[in-house]
Amino acid sequence: MDKNKIEGLQFLATKVREHIITMSADGGCFIGASLSCADLIVYLYSEFLNITPNNLTDSERDYLFLSKGHDVPALYGTLAELGFIEKKRLSNHLSTTDSIYWHPNRAVPGVEYHSGSLGHLPSVGIGVAMDCKMKKQTNRIVVIVGDGEMNEGTFWEALLVANAYKLDNLIILVDRNHFQANIRTEDLIPLESLEKKFEAFNCSVNRINGHDFEEIDAAFKGLKQGTGKVNVIVADTLRGKGLPSIEARADRWFCNFTREETNALIRELHGEMKAKIESETLTVR
Amino acid sequence: MTYEETLTELAKNDERIVVMTAENRALIRNMPKILGERFIDTGITEQTMVGAAAGLALRGRIPVVHALASFLTMRAFEFIRTDVGISHLPVKLCGYIPGFLSDANGPTHQAIEDVSILRGIPGMEVYAPADEQDLVTMLPAMIESPSPAYIRINHRKGEYQHKAYIPGKAEVISSGNDITLLTYGLLFENSLKAKALLEKEGYSVGLVNLRSLKPIDEELILNIANETDLIVTIEDHFLTGGLYSILAELFLKNKITCNVFPMALRERWFKPALLNDVLAFEEYTPEKIAEHTIREFENTLVTLK
């Protein structure tokens, strides 16, 4: 991947992070989990997925399912930057005049399916992948799951079924940000070794740095169809990535900042001094 | 024609239909070789099956999914509500051995709250055919409807020749001024026999095979409430949330009331045994239905006087 392309992706990811930060006031959002997978979503829409504002009803398009759901500000930011929705809609976040709220809503163009209850969209993705296979289409179906989400039994149940049907058009992308809601995964329900678990389920597994566009690109460009194996990419990420004042902190899960704080966080994103955060942000949603 | 033959014919003529099961193949054993890839067995995974059905429906398919009614409606309930219900996808949920049909399995297998919980999902249709002939008569319309649906599968052979099915309409077997028996599913058979016993005793007896519990045939029931002295609801379901509750909601909405005697399961699971023994133990034989009805009718008449 050439330098210009990487810089372009980084520029877009920064724009998306600005949107995420902006959405974390006036009611707030799940900022940490959105920042952790912003680079992945930006990459997928820019370089990998055949999804455009003009092909959303085309049966040959690719599919992206946000199963973890809390990351939807990252998707909305990306959709706004890439012309799927108007940027001004983002300022309607949480307003009854629009339909943009804390979890994905498929009424918004570009959102493939709603989510919010964990461990659901791997199975919905299986249904789509099965139909694409039946119709001999080569669409790719990417399902982004959170690591905390993998506590849900239905995640593993879905892997069993996907393997039984050899769904090599299905790509499970794990946003491995190392946090459940408010506790580190390894301190509550340990997940490691993830590669061994996925290999035991007969998946084709790759583990990458989810903030390194070259590694992300190599992993996705390296995917092959016809292997008969479900693809899993475990992307190690940092919750709150881009904002050192909230990165990898258990209490920065759902955040509802003041406008002064989000303005300071946007400056922090651009490398200026760390923001001073006084808002109580350990909010249970 | 059997359920399997009918569904096979429908699927052969409509590429949109996919038949799914959570390894409950009893009624669809011959379909894999006929449907090929359009037969999908996900193993013992009711939740994943329902989620995958939603995905298939997103792609334009009509999944007809099969599992034991209790596991389909309860274990996978949230998948039904969230992945099928919120998007109003045309997934057809076929529950095997609902109600008393789980006979000796025990309470784990007793789907006797299924009508209650499924009808609570916006847009979900709920059907309960009286026997296999009724089921196959209703099947094309149930599949053709653009809504999600739950079907209390009942493939027992019946002797009654059912009329054509009109979507959302009940089947009126007879009308009566004294008593009207309202029932659905397998209890139709014994209700039909109870009706004969009651008529022999000189009562004017109506009998309705409801077929569709949601939508319910509202107009018919309101007319019956006006024209009959006593309605008896006969169901293999908890009293809460089933037909008795449906009537209560309907009458309250229309600001009317009437005498209703419910035969339903009250705050307990039923005694597990072979079906005929269950029907005897739980007092759903034709004789017991008639006996309870007469006792209630006579009490009602006393009250009326």
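**A strand and an interface**

Modeller: Let's start with strand 4 of chain B, which is covered on both faces: B:K92, B:C94 and B:Y96 on one side and B:L93 and B:G95 on the other are all buried. Bear in mind that this is a predicted model.

Colleague: Why is strand 4 of chain B largely enclosed by the rest of the structure?

Modeller: Because five of the five residues in that strand, 92–96, are buried.

Colleague: Nice. Which strand does B:C94 look across to?

Modeller: B:C94 in strand 4 of chain B has B:H66 opposite. Strand 3 of chain B (residues 62–68) runs parallel to strand 4 of chain B, and five bridges join them.

Colleague: How many bridges join strand 4 to strand 6 of chain B?

Modeller: Four, and those two strands run parallel, with strand 6 of chain B covering residues 149–152. B:L93 stands opposite B:Y150 there.

Colleague: Switching topic: how many residues of chain A are in contact with chain B?

Modeller: 18 residues of chain A, and they contact 21 residues of chain B. On the chain A side, helix 4 (121–134) and helix 5 (153–164) each supply at least two residues.

Colleague: Which element gives the largest share of that side of chain A?

Modeller: Helix 4 of chain A, with nine residues.

Methods: Residues numbered from 1 in each chain as written. Chains lettered and ligands numbered in written order. Predicted model: local features only at pLDDT ≥ 70, side-chain atom pairs only at ≥ 80, totals over all residues. Contact = placed C-beta atoms within 7 Å. Buried ≥ 20, exposed ≤ 12 C-beta atoms within 10 Å, placed from the backbone. Pairing = 2+ DSSP bridges.
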